[in-house]
Amino acid sequence: MDKLALKNQFDSLKALEIADKFIDSLKDSTYLKKFKTTNDEGKEIVSKGDALAVIVMGFKIGLDPITSLSIGSELKGSKIYAVDKGVALGLTPLEAIKLIHVITNKQGSNTVYSGIDLITRQLNKAKVKIEILKDHEPIYSYEVRAKDKNGKSIFVPVDTNRIIENDTILDKYYLYDASSTQEEINKAKEENKLIIRRYISDYETVVRLTRTETDTIISLSYKRSQAVKAGYLEVTDQSGNVIIPGKLNWNNHEVEMMRARCISSVGRIIASDMLHGLRHHSELPSDVEDIEYSEV
């Protein structure tokens, strides 16, 4: 065993000895309330081992005993990993414990997640300019009524380029949607315009990140249909029965989650040195329990 390992072992043993005396001095303090349990005789006692483990764990990341006891069960092995990541991001140990969440997969690999405020803070440090080009904007599809070979009325998709030029609808077409009145449709027919149905087929968010010091510009689009396919958003059938439950954060904050998803994804490419693999909550796998939607 090398000298550094011996020193670390000695420091841990010393911390354990100090923690043991410290817990004895607290006795019935409220700081030990969360560590109380009931023994075989039904008497309430303090689980000294749990309290000792928390204090020693806190000692390893620079927390005083009172803070360690106050945080309690949050001082787990995954939080030590979160602290390591937090230090790399310029956070204090306590900030890292509160702001960084660690998800461990079945293979034992760790992935770190946080709110968008921490991610944008790191991008700002790297002088990355964030532009929201589209923020959950509708994507339209167009159809024209026709007849199939059996004479049945059907809708046939129409190429957008055929009916719109320079963002203006060509005069020979009339687009109708849910807001159109029958009077308007009849008038268009009298003018011999081709009646085309327009409907919202998707929603899209587009962000562009620019890092001037590396002369790098990256844009990314994320569509609502991608979130549905990934299982993030609730899906119901025609009767209103839930087919896919989705994730609570996505169902309640769809616009924000799509925006954060784009920023986080591009941010790790354009400023990997500042994010150190940090992801946003919107990127949690669909089969992983949600992290409470909160920011810095």
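User: To begin, which residues form one aromatic cluster?

Analyst: The cluster is made of Y222, Y232 and W250. Please keep in mind that this is a predicted model.

User: How many aromatic pairs does the structure hold?

Analyst: There are 2 aromatic pairs. Y222 and W250 make a tilted one, with 6.2 Å from centre to centre and 40° between the planes. Y222 belongs to strand β11 (residues 216–223) and W250 to helix α10 (residues 248–252), so this pair ties together parts that are 28 residues apart in sequence. Y232 and W250 form a stacked pair, at 5.0 Å centre to centre and 5° between the planes. Y232 sits in the loop between α9 (224–229) and β12 (235–236), so its pair with W250 in α10 links parts 18 residues apart in sequence.

User: Is W250 buried or exposed?

Analyst: W250 has a relative accessible area of 0%, so it is buried. Y222 is buried as well. Y232 counts as buried because its relative accessibility is 6%, and the cut-off for buried is under 20%.

User: What is W250 in contact with, leaving aside its neighbours within four places in sequence?

Analyst: Its contacts are Y222, A227, Y232, L233, M257, M258, R261 and S282.

User: Moving to the core, which residues have the most contacts inside the largest nonpolar core?

Analyst: They are I100, L123 and W250, in a core of 35 residues. At least two core residues come from each of α4 (77–88), α5 (93–99), α6 (116–125), β10 (194–211), α11 (254–270) and α12 (272–275). The greatest contribution is that of α11, with 7 residues.

User: How many residues of α11 are buried?

Analyst: Of its 17 residues, 13 are buried, so α11 is largely enclosed by the rest of the structure.

User: Which residues of α6 are buried?

Analyst: The buried residues of α6 are I116, L118, I119, Q122 and L123. They lie on the same side of α6, because the arc they cover around the axis is only 165°. After α6 comes K127, which has a positive phi near 55°.

User: Now the strands. What does β5 pair with?

Analyst: Strand β5 (residues 128–147) runs antiparallel to β10, and 14 bridges join them. In that pairing, K134 stands opposite V206 of β10. β5 also pairs with strand β6 (residues 153–157), in the antiparallel sense over 5 bridges. There, V144 has V156 in β6 as its bridge partner.

User: Which residue takes a positive phi in the hairpin of β5 and β6?

Analyst: That is G151, with a phi near 85°; the hairpin has 5 residues between the strands.

User: In what order do the strands of the open sheet of 3 strands come?

Analyst: The order is β3-β4-β14, with mixed pairing. β3 (101–104) and β14 (279–280) are the edge strands, each pairing on one side only. Strand β4 (residues 110–114) pairs with β14 in the parallel sense over 2 bridges.

User: What do strands of a sheet pair through?

Analyst: They pair through backbone hydrogen bonds, in either a parallel or an antiparallel manner.

Note on methods:
Residues numbered from 1 in each chain as written. Predicted model: local features only at pLDDT ≥ 70, side-chain atom pairs only at ≥ 80, totals over all residues. Heavy atoms only, no water. Core = buried A, V, L, I, M, F, W, Y, C linked by side-chain atoms within 4.5 Å. Buried < 20%, exposed > 50% of the residue type's maximum accessible area, 1.4 Å probe, protein only. Helix = DSSP H or I, 4+ residues; strand = E, 2+ residues; numbered from the N terminus. Contact = heavy atoms within 4.5 Å. Pairing = 2+ DSSP bridges. Arc of directions from axis to C-beta. Phe/Tyr/Trp six-rings, centres within 6.5 Å; stacked < 30°, edge-to-face > 60°.
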